[in-house]
Amino acid sequence: MAESWKESLEILKNGNKRFLHQKQCKAEHKIDDLRELEEGQDPHAIVICCSDSRVSPDIIFNQHLGSLFVIQNAGNVCDTSVLGSVQYALQHLGTPLVVVLGHSLCGAVTAAHKNKNVTGPLKNIVEIIDSHVVEGSIDDSIRSHTKQSAEEMRQLLKPHESRLDQTVRILSAYYDIGSGEVTWLSE
C-alpha cells in the first residue's frame, strides 16, 4: 500500500503502463483475496471519473479490487456528494491521492461544449461543466473541465486540511479511450 501521494502516483503510472503493454492484469482474484477485503478497505488513491462504461479505473490503472476508491458520475463533476465521498476516504481511510480523471469522447462535456439544450437532471450536470468549456476543440474543453474540477476540489477541501493526518495531493489526468493512455495534466 502507498504511504504517500507520490508512491500512489507511481503505482498508477506503472499500472497504466502494464495496461498499455497488455501485461498480466491484476483483475484476477482468488476467493482468499476477496475474503481479505472483508476485513476493510485501504485504497491508495481516490479516482473521480465519468460513468462512461469505457472508463474503468481499476482496469486502466491495472489495480486489484480494493486499491482504488472510485467515484463515478456523468462528466466527472465535483458536487457536494462527491466532496463528501472524497472527505470520507481522506479522513477515515487515510487515502493520500485524489485524481480527477477526464476522458476523450465524454458525452457530458460534449453536450456543454456544443451548448446542447438538455433537460431534466442532466441539465444540472451540463451547467456545472459549462463554466469550464473553452474555445477550441471538445478535447480542449474536456481537459479544461478536468483541470478546473481538480482545482475546485482543492479549494473545497482547504477548510478540512487541519483534520487530515496526511499530506494529500489532488491531480488531474486525461484518459484517451482510443489508445488507453493516461496523461497527467497536473503533478
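Mentor: A definition to begin with: two strands pair if DSSP finds at least two bridges between them. Keep in mind, too, that the model we are looking at is predicted.

Trainee: Thanks! How many bridges link β1 and β3, and in which sense do they pair?

Mentor: There are four bridges between β1 and β3, and the pairing is parallel. For one example, find Ile48: its bridge partner in β3 is Val100. On to the next neighbour: β3 and β4 are also parallel, joined by seven bridges. There you can see Leu101 facing Ala173 of β4.

Trainee: In what order do the strands of the sheet lie?

Mentor: Reading across the sheet gives β2-β1-β3-β4-β5, an open sheet of five strands with mixed pairing. At its edges are β2 (68-72) and β5 (182-184), each of which pairs on one side only. From one strand to the next, the twist averages 25 degrees.

Trainee: Which way do β4 and β5 run relative to each other, parallel or antiparallel?

Mentor: β4 and β5 are antiparallel, with three bridges between them. Look for Tyr175, which sits opposite Val182 of β5.

Trainee: Which strands does helix α4 touch?

Mentor: Helix α4, residues 80-93, packs on the sheet and touches β1 (45-49), β2 and β3 (97-103). The direction of α4 makes about 170 degrees with that of β2. Another helix, α7, lies across β1, β3 and β4, at about 165 degrees to β4.

Trainee: How many residues of β3 are buried?

Mentor: Seven of the seven residues of β3 are buried. A residue counts as buried when its relative accessible area is under 20%. Both faces of β3 are covered: one side has Leu97, Val99, Leu101 and His103, and the other has Val98, Val100 and Gly102.

Trainee: Now a residue in a helix. Is Asn16 buried or exposed?

Mentor: Asn16 belongs to helix α1, which spans residues 5-20. Its relative accessible area is 4%, so Asn16 is buried. Leaving aside residues up to four places away in sequence, Asn16 touches Ile60, Phe61, Gly180, Glu181 and Val182.

Trainee: Where does Asn76 lie, and what is its phi?

Mentor: Asn76 is in the loop between β2 and α4. Phi of Asn76 is near 40 degrees, again a positive value in a residue other than glycine. Asn76 is buried, with 1% relative accessible area.

Trainee: And how does one look for pockets?

Mentor: Rolling a probe the size of a water molecule over the atoms shows where empty space is left. In this model, the second largest pocket has a volume of about 210 Å³. Its lining has 13 residues, and those nearest the centre are Arg154, Leu157, Glu161, Val168 and Ile170.

Trainee: Which element supplies the largest share of that lining?

Mentor: That is α7, with four residues of the lining of the second largest pocket. Both α7 (138-157) and β4 (169-175) supply at least two residues each. By type, the lining is made of five nonpolar, three polar and five charged residues.

Methods:
Residues numbered from 1 in each chain as written. Predicted model: local features only at pLDDT ≥ 70, side-chain atom pairs only at ≥ 80, totals over all residues. Heavy atoms only, no water. 1 Å grid on protein atoms, 1.4 Å probe; cavity = no way out; pocket = protein on both sides within 12 Å on 5 of 7 lines; lining within 4 Å. Points joined across faces, edges and corners; volume = space filled by probe spheres on them. Nonpolar A, V, L, I, M, F, W, Y, C, P; charged D, E, K, R; others polar. Axes fitted to C-alpha atoms, helices over the stretch in contact; angles between N-to-C directions. Contact = heavy atoms within 4.5 Å. Buried < 20%, exposed > 50% of the residue type's maximum accessible area, 1.4 Å probe, protein only.
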